[in-house]
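Visitor: Hi, I have a model open and could use a hand reading it. Can we go through it together?

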Amino acid sequence: MRTPIRRARGVRRALTGALLAGLTLLTTASPASPAFADGPSAGAGPSGDSAGPTEAGTTFRTATALAQGQTGTAQASTGDYLYWVFPADAGQRPTVEATVKLPENAARRSASTWQIDVYDGLRRRQACAYGHQTRKAGAEAATVELSCVLRPVRAWSEPWANDPLPGSYYVRLTVVDLPADQLGLPIGAEVRPTVKEVGGAHDVDGTLSEPLVPGVSVASAGDGDGAGASAAPRTVAAGEPEDGWASGRWTDRWLWTVGGGVLSALAAVFVYSLTLCRCRPSHVPPGV
């Protein structure tokens, strides 16, 4: 028959093992909270490196749709405004990379400055967390490379805030400093949007009723009856993630919350077992 001391030791060993197992589960099953990397993310979307569109829009309304990880190209002229649009969901950190192939050196006589801007579905300009959003190309340069890494997309935000929200993201590429006599020269443009999953570290309580996609409210209203649904389909130009919009679904934040509660309960039981009784050997008579 086990003595009280041995039973207490057995309880402590079992609880210690449960605590270690719980910590191991949390550290291996949940992704680490990401820090900003030294370079852009290389996360591929549903389309991977598949061939992308070879044209670009000239306004927000005519922006060419790109999937996450897809490369879009276009032939244009210096001075044109080029637009693309891609989807980004909650828990993702978008990165936009652009390359401009400049005209032949013989046709250029001065330097030029190029810039990419990223706007959300409400056409609010989103600041780049880091990257080379604006770059100057010398008269002898053959190409200029630009990049913009946005803040992580949040599932919900206050109306007055300018946080990135789930929906469409517009990329605008243009030259911002060039002599007037150099406008109209042919250029080649290449844009690639990618995203990186940042996990529950950036999760918030709340969710949008609809992602910020132009025409989504009209399409949702048309879903109520068959005639409206066929007359007002969801806009195709804005795109949509392959698995649909995940804003507000289960995230690994729930794992951390539940796991933390379980570990706290085990720790409380462990501490209680230490102070449960002052056990003495069975050969010692009571009252001694």
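Predicted model: local features only at pLDDT ≥ 70, side-chain atom pairs only at ≥ 80, totals over all residues.

Visitor: How many helices and strands does the protein chain have?

Guide: Four helices and ten strands. Both are DSSP runs, numbered from the N terminus: helices are H or I with at least four residues, strands are E with at least two. The order from the N terminus is α-β-β-β-β-β-β-β-β-β-β-α-α-α.

Visitor: What share of the residues is buried?

Guide: 38% of the 288 residues. Buried means under 20% relative accessible area, exposed over 50%, and partly exposed in between, with a 1.4 Å probe and protein chains only.

Visitor: Now the rings. How many aromatic pairs are there?

Guide: Four. Rings of Phe, Tyr and Trp (its six-membered ring) pair if their centres lie within 6.5 Å; planes under 30 degrees apart are stacked, over 60 edge-to-face, and the rest tilted.

Visitor: Why is the pair of F60 and Y119 edge-to-face?

Guide: The planes of F60 and Y119 are at 85°, so the pair is edge-to-face. Their ring centres are 5.2 Å apart.

Visitor: And where do F60 and Y119 lie?

Guide: F60 lies in the loop between helix 1 (4-29) and strand 1 (64-65), and Y119 in strand 5 (residues 112-119). The pair therefore ties together parts that are 59 residues apart in sequence.

Visitor: Is F60 buried or exposed?

Guide: Buried, at 18% relative accessible area. Y119 counts as buried too, at 10%.

Visitor: What about F60 and Y170?

Guide: They form an edge-to-face pair, 5.4 Å centre to centre, with 75° between the planes. Y170 sits in strand 9 (residues 167-177), so this pair ties together parts 110 residues apart in sequence.

Visitor: Which residues do the ring pairs link into a cluster?

Guide: F60, Y83, Y119 and Y170.

Visitor: Okay, Y83 then. Where is Y83 found?

Guide: In strand 3 (residues 82-88). Y83 is buried, with a relative accessible area of 6%.

Visitor: What does Y83 touch?

Guide: Leaving out residues up to four places away in sequence, its contacts (heavy atoms within 4.5 Å) include F60, T64, V171 and R172. Y83 and L173 are 90 residues apart in sequence, yet 6.6 Å apart in space, C-alpha to C-alpha.

Key:
Residues numbered from 1 in each chain as written. Heavy atoms only, no water.
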